[in-house]
Amino acid sequence: MSKKQHLHTFLQHAGQADFDERTGAAPVALPSMRTSTVRFKSLDYLDQATKDRNSGGRSVIYGRAGMDTHRALEDVFCELEAGERAFLVPSGMAAITLGIMSFVSQGDHILAADCSYGPVRTLDRNVLQRMGIQTTYCAPNVEAFKAALQPNTKVLYVESPGSLLMQMLDMPALADFAKAHDLLLITDNTWGSGLIYQPLSLGADVSVVAGTKYVGGHSDLMLGAVIAKDKKTAEQIDACNYALGFSVSADDAWLALRGVRTMPLRMRETAANALQVCEALSQWAEVKTIYHPAWKGDKYHALWQRDATGSNGMLAFSLNVDAARARRFVDALTLFGIGFSWGGFESLVQLVDPNSIASHSYWANDEAVLIRLHIGLENAEDLIADLNQALAASA
Ligand SMILES: *Cc1c(COP(=O)(O)O)cnc(C)c1O
């Protein structure tokens, strides 16, 4: 893998299949290499693979780790995130679980950004607490984290921009803080997916990505990745991953590999569409705040300009309407599917449950309702027309 190439070029050539020795031909697209185990030509080959595996190498001795298809996708995640090693898991949530479980033990404390993906709190409540691991949620800035620091704090867990309100964090400042206090900085980079934001380059130690979203890009698979910045961190994740037994279907790895090749195009298009939608929403009297870091009016626009190299189709906005009208508005939309998730080709809308943002320090409680949109690859004018008609219909 050449570091000199542009990412877009790398993505088109990642995971090329070997030429057949007899025919000299190779498929353009790497096949999905399905297997539950590996067979070796001789015990010497098995010994060699085991030795490499035990010293942290990628050699495969059993099917759980996956073969060429998985390896190609791991290479893609490493290149995207500028990391040392990537581990594939069956969902974005599993990536969060693996990322955290690799680094905490009984009696440890986690500092977490209050804007983190909601189900992180479920992992905390249902699993981590049972294992004697405590978590404190803070406004995602150095002052608040410093105030909540404990002698047993081991991990700083953040997400930038944060889920729902797209709150951009000052990653380099958080990395300095983490370093000064010997904390491991784990960040959810599903938003950037390594293409438009690279937290490891900004100082984070571990990046977790829901490949389910922009990497897959076609709303047809669940996948996650944990990417380590250095060897030592990678070893710890490797040990935990092997013990937990996560495994990804070769077909899903194959779908993600196919999807990721067009991620730069999809991301660029959806980002441009989202900005047009922001422009239209800013004309509405009912809109209070637009949450989208690439939008000029966003509170963290300058931070986004400094640290990100692009944007995507995720945006939220608060509406000064009552709950009943908000429901009528969402129901009246025809091009936006009512549903969770994002990063696919299609536009989606979510009427955000007020309880899920009540604990976010960035949410001003005088804002009536919050609506989150994933802007897809439809024509922006059609999307805007749909939003406008739904607003009128809801009155
Ligand atoms: C969707 C999402 C996840 C979880 O991914 P799944 O594949 O759905 O488990 C994690 N983090 C963020 C920011 C997400 O949007």
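Predicted model: local features only at pLDDT ≥ 70, side-chain atom pairs only at ≥ 80, totals over all residues.
Student: How do you know which residues of domain 1 and domain 2 are in contact?
Tutor: The test is heavy atoms within 4.5 Å. By that test, 38 residues of domain 1 touch 39 residues of domain 2. About 3200 Å² is buried between the two domains, with carbon and sulfur atoms giving 64% of that area. On the domain 1 side, Leu-164, Leu-165 and Tyr-214 lose the most area to domain 2, and together they make up 28% of what that side buries.

Student: Why is the pair Asp-170 and Arg-306 called a salt bridge?
Tutor: The rule wants a side-chain nitrogen of Lys or Arg within 4 Å of a carboxyl oxygen of Asp or Glu. For Asp-170 and Arg-306 the closest N and O atoms are 2.7 Å apart, so the pair passes that 4 Å limit. Across the interface of domain 1 and domain 2, the rule finds 1 salt bridge. There are also 16 residue pairs in polar contact between the two domains.

Student: Which elements give two or more residues to the side of domain 1 that touches domain 2?
Tutor: Those are helix 1 (7-13), helix 7 (171-180) and helix 9 (250-260). By class, that side of domain 1 has 21 nonpolar, 13 polar and 4 charged residues.

Student: What does the salt bridge of Arg-34 with Asp-251 tie together?
Tutor: Start with the distance: the closest N and O atoms of Arg-34 and Asp-251 are 2.6 Å apart, and the cut-off is 4 Å, so the pair counts. Arg-34 sits in the loop between helix 1 and helix 2 (43-54), while Asp-251 belongs to helix 9, so the bridge links parts that are 217 residues apart in sequence. The structure holds 11 salt bridges.

Student: Why are strand 8 and strand 10 said to stand at the edges?
Tutor: The open sheet has 5 strands in the order 8-9-12-11-10, with mixed pairing. Strand 8 (287-291) and strand 10 (337-338) each have a single partner strand, so one side of each has no neighbour in the sheet.

Student: How do you know that strand 8 pairs with strand 9?
Tutor: Pairing takes at least two bridges. Strand 8 and strand 9 (residues 314-319) are joined by 4 bridges and run antiparallel, so they meet the requirement of at least two. As for Val-287, its bridge partner in strand 9 is Leu-319.

Student: What makes the peptide bond between Ser-160 and Pro-161 stand out?
Tutor: That bond is cis, with omega at about -10°. Pro-161 lies in the loop between strand 4 (153-159) and helix 7.

Student: And what is the phi of Ala-82?
Tutor: Phi is positive, about 55°, although Ala-82 is not a glycine. Ala-82 sits in the loop between helix 3 (68-81) and strand 1 (85-89).

Methods
Residues numbered from 1 in each chain as written. Heavy atoms only, no water. Buried area = accessible area lost by both parts, 1.4 Å probe. Polar contact = N/O pair within 3.5 Å; in protein donor to acceptor, adjacent residues only side chain to side chain. Nonpolar A, V, L, I, M, F, W, Y, C, P; charged D, E, K, R; others polar.
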